[in-house]
Structure formats: C-alpha cells, structure tokens
Amino acid sequence: NDFLLSLGVRKSVSVEFLFSNLDKLNWSDNPKALVDYLRSATLTTQDLQNLRSMAYLPASNDKSRTFAPSELYIGESDLVDLNLPFIRILQWPPDEKLSVNSADGKFLVKLGCKVNPPLQPFLQHLSTQDDLTDEKRLQCLNFISKRLRPGGVYEREW
C-alpha cells in the first residue's frame with residue numbers, strides 16, 4: 001500500500017473521474033451514499049476545492065437542476081418546516097436524520113452547505129408576504145428569536 005502511494009497511485013478514485021461517471025452509476029436523488037463515500041475517501045486539497053464548486057447535490061424543494069454545496073442548506077427540522085421559498089434544502093432520505101453535528105453534516109458544512117438563512121432576506125420575506133398564515137408567521141418569528149439571543153447566530157447581524 002505504501003509502495004503504491006509512493007508511486008503516486010491514489011487510494012480512491014479522483015473526484016473528476018467519479019463525477020464524469022456518476023450518470024452511469026444509476027445516480028438517484030439520494031446523495032447519502034455519495035456523501036458517505038466522499039467523506040471516507042482520501043481527498044486531495046484540489047478534490048475538496050472541486051467538491052465545493054461543482055453542482056452535484058439535489059435540493060428537496062427545487063428539482064430543476066443539481067446544486068453546489070454552497071447553494072444549499074442542511075435541512076434541520078425547524079428550517080424545513082418553514083418552507084421558505086428563497087432557500088434550497090439539501091435533499092436527504094427522510095428516514096435518515098441529517099444534522100450539522102453528524103459526520104455527514106460536518107462534512108457537508110466543510111464543503112460549503114449552509115445552516116441558517118441570512119437574517120435580512122428572512123425579515124424581508126416576512127414583511128412582504130401578506131399571504132402567510134398567523135401560524136406560519138409565528139413559526140418564522142420563533143425561528144428568528146431563537147437565533148437572536150446572546151450568542152445566537154443572528155446576534156451580530158442585528
């Protein structure tokens with residue numbers, strides 16, 4: 001194994017090779033197997049750069065194309081329940097919990113997936129949507145207020 005590595009042979013296939021052949025692998029809308037493989041693979045710095053910029057992940061609320069990690073949010077339950085039209089949630093198997101603290105979640109955040117939508121567009125959405133029910137508006141306000149508290153992710157933005 002060390003001998004082959006010293007010759008420049010990789011322990012895993014290159015990201016370019018994997019993605020050039022992804023359509024031949026009966027790729028579905030479930031990225032979990034791919035993320036598991038990538039997380040366990042020996043990736044170069046260049047591989048990680050490519051993974052950050054390539055569009056290969058599906059969104060649960062936008063089937064028009066695949067997306068780069070930086071275009072998607074990890075769908076923790078309180079964010080998914082809001083069903084905000086200005087964010088795209090990473091599609092993930094419903095029977096598998098994905099959180100930012102899981103191994104897959106940490107890897108996806110490292111690749112650029114987002115966790116919390118920016119506060120300004122969120123507030124703008126709330127202020128301009130007349131068709132939001134009181135329940136949905138309260139849900140959104142609760143989401144924001146949890147993150148506005150001292151030490152919350154929106155504390156500096158406010």
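Trainee: Why is histidine 125 called buried?

Mentor: Its relative accessible area is 10%, and buried means under 20% (exposed is over 50%, partly exposed in between; 1.4 Å probe, protein chains only), so histidine 125 qualifies. Keep in mind that this is a predicted model, where local features need pLDDT of at least 70 and side-chain atom pairs pLDDT 80 or more, while totals for chains, interfaces and linings use all residues. Numbering runs from 1 along each chain as its sequence is written, and side-chain values use heavy atoms, with hydrogens and water left out.

Trainee: Where does histidine 125 sit, and what does it touch?

Mentor: Histidine 125 is in helix H7 (helices, H or I of at least four residues, and strands, E of at least two, are DSSP runs numbered from the N terminus). Leaving out residues up to four places away in sequence, histidine 125 touches Leu84, Pro85, Phe86 and Leu132, contact being heavy atoms within 4.5 Å.

Trainee: How do you know whether H3 and H6 are roughly parallel or roughly perpendicular?

Mentor: Their angle is about 80°, with the axes 10 Å apart, so H3 and H6 come out roughly perpendicular. Lys32, Val35, Asp36, Leu38 and Arg39 in H3 meet Ala103, Asp104, Phe107 and Leu108 in H6. That contact splits into 5 nonpolar, no polar and 4 charged residues.

Trainee: And what makes lysine 32 buried or exposed?

Mentor: With a relative accessible area of 18%, lysine 32 falls on the buried side. Beyond four places in sequence, lysine 32 touches Trp92, Pro93, Glu96 and Asp104.

Trainee: What makes H4 and H6 parallel or perpendicular?

Mentor: Their axes come within 9 Å and cross at roughly 85°, so H4 is roughly perpendicular to H6. Leu48, Leu51 and Arg52 of H4 meet Phe107, Lys110 and Leu111 of H6.

Trainee: Why is glutamate 16 called partly exposed?

Mentor: Because its relative accessible area is 41%. Glutamate 16 lies in helix H2 and, outside four places in sequence, is in contact with Asp47 and Asn50.

Trainee: Which residues touch the most other members of the largest nonpolar core?

Mentor: Of its 22 residues, those are Phe19, Leu38, Leu51, Tyr56, Leu57 and Leu108. A nonpolar core is a set of buried Ala, Val, Leu, Ile, Met, Phe, Trp, Tyr and Cys residues joined through side-chain atoms within 4.5 Å. Phenylalanine 19, for one, touches Leu34, Leu38, Leu51, Met54 and Tyr56, not counting residues up to four places away in sequence. Another core, of 14 residues, lies apart and includes Tyr73, Leu132, Phe143 and Tyr154.

How values were computed:
Axes fitted to C-alpha atoms, helices over the stretch in contact; angles between N-to-C directions. Parallel < 35°, antiparallel > 145°, perpendicular 65-115°, else oblique. Nonpolar A, V, L, I, M, F, W, Y, C, P; charged D, E, K, R; others polar.
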